[in-house]
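User: I would like to learn how to read a protein model step by step. Could we take a single example and work through its features together?

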Amino acid sequence: MQTAPIRWTYTGGTDPLCGTGASPAERLLAYGMASLFTGLILLVDHHREVPVAGGWRIFLLAFFAFDIAGGAVANMLNSCKRFYHSDLQPGEGLSARLAKTPMLFTALHVHPIIIAYFLRGSLLNGLVWYILLLASVALVLILPLYLRRAAATGLTVLALLGNLYLLPLGAGLEWFIPCLFIKMVLGHAVQEEPYRAG
């Protein structure tokens, strides 16, 4: 069995994207995967000639791909777990306060509505997904800590299946809901021990 030190303390400038005190390897992993996902999503949508692949919508699609698909990896980083689930530190401002308040931070993620509206998806399904996202995070947060990871995984799998079979967001957006639930429900809402590099 591998072991690594668990450390809840951190120092440095506030970084709600990779977590304050993220190591170079953590930053490389987060930004590298975000870039890879963004390129892949743009390439696939262009190849499939989906309706979102044109004009200013490409920029919007790239922004959401980087933020949501990349955020699915970033929110799993030990540096993010440490940052999100520790007390507010002296000198940390509004961005840190928002990131450390899971329900408020989730409520700010109106992304399913925005992406559906601007990228020709189902606005009604986007609204339903936003409500389901809020309800999922709320459910995870009221459970005892030892059940949260498993419950968040179950809710994320349900979102993946629901997106596939019941409430599709739109052509070219099939990736969005699974990545959003990984980022917010499985990643952000679940407190886990933050390991440091050995």
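Analyst: Let us begin with charge. Lys and Arg count as positive and Asp and Glu as negative, while His and the chain ends are left out. The model shown here is a predicted one.

User: How far apart are the mean positions of the positive and negative charges of the chain?

Analyst: The chain has 13 positive and 10 negative charges, and their mean positions are 4 Å apart.

User: Which secondary structure elements does the chain have, helices or strands?

Analyst: There are nine helices and zero strands. Written in sequence order, the pattern is α-α-α-α-α-α-α-α-α. The radius of gyration is 17 Å, close to the 16 Å that the globule rule gives for 198 residues, so the chain is as compact as a globular protein of that length. Along its principal axes, the C-alpha trace spans about 50 × 40 × 35 Å.

User: What share of the residues of the chain counts as buried?

Analyst: A residue is called buried when its relative accessible area is under 20%, and exposed when that area is over 50%. Of the 198 residues here, 42% count as buried. As for the surface, the chain exposes about 10300 Å², of which carbon and sulfur atoms supply 70%.

User: What does Thr 38 touch beyond its neighbours within four places in sequence?

Analyst: Thr 38 of helix H1 is in contact with Ala 62, Ala 65 and Phe 66. Its relative accessibility is 9%, so Thr 38 counts as buried.

User: Let us turn to loops. Where does Leu 169 lie, and is this residue buried or exposed?

Analyst: Leu 169 lies in the loop between helix H8 (145–165) and helix H9 (176–188). Because its relative accessibility is 1%, Leu 169 counts as buried. Beyond four places in sequence, its contacts include Pro 112, Ile 115, Trp 129, Asn 163 and Phe 176. Leu 169 and Val 128 are 41 residues apart along the chain, and their C-alpha atoms are separated by 10.0 Å.

User: Which residues does Leu 167 touch, and what is its relative accessible area?

Analyst: Leu 167 is also found in the loop between H8 and H9. With a relative accessible area of 21%, Leu 167 is partly exposed. Not counting residues up to four places away in sequence, Leu 167 touches Asn 125, Val 128, Trp 129, Leu 132 and Gly 162.

User: Finally, what is the phi of Arg 120, and where is its place?

Analyst: Arg 120 has a positive phi of about 60° although it is not a glycine. Its place is the loop between helix H6 (111–118) and helix H7 (123–142). At 52% relative accessibility, Arg 120 counts as exposed.

Note on methods:
Residues numbered from 1 in each chain as written. Predicted model: local features only at pLDDT ≥ 70, side-chain atom pairs only at ≥ 80, totals over all residues. Heavy atoms only, no water. Helix = DSSP H or I, 4+ residues; strand = E, 2+ residues; numbered from the N terminus. Buried < 20%, exposed > 50% of the residue type's maximum accessible area, 1.4 Å probe, protein only. Contact = heavy atoms within 4.5 Å. Rg over C-alpha atoms; globule rule 2.2 N^0.38 Å. Areas by Shrake-Rupley, 256 points an atom, 1.4 Å probe, with all protein chains shown as cover. Charge placed at Lys NZ, Arg CZ, Asp CG, Glu CD.
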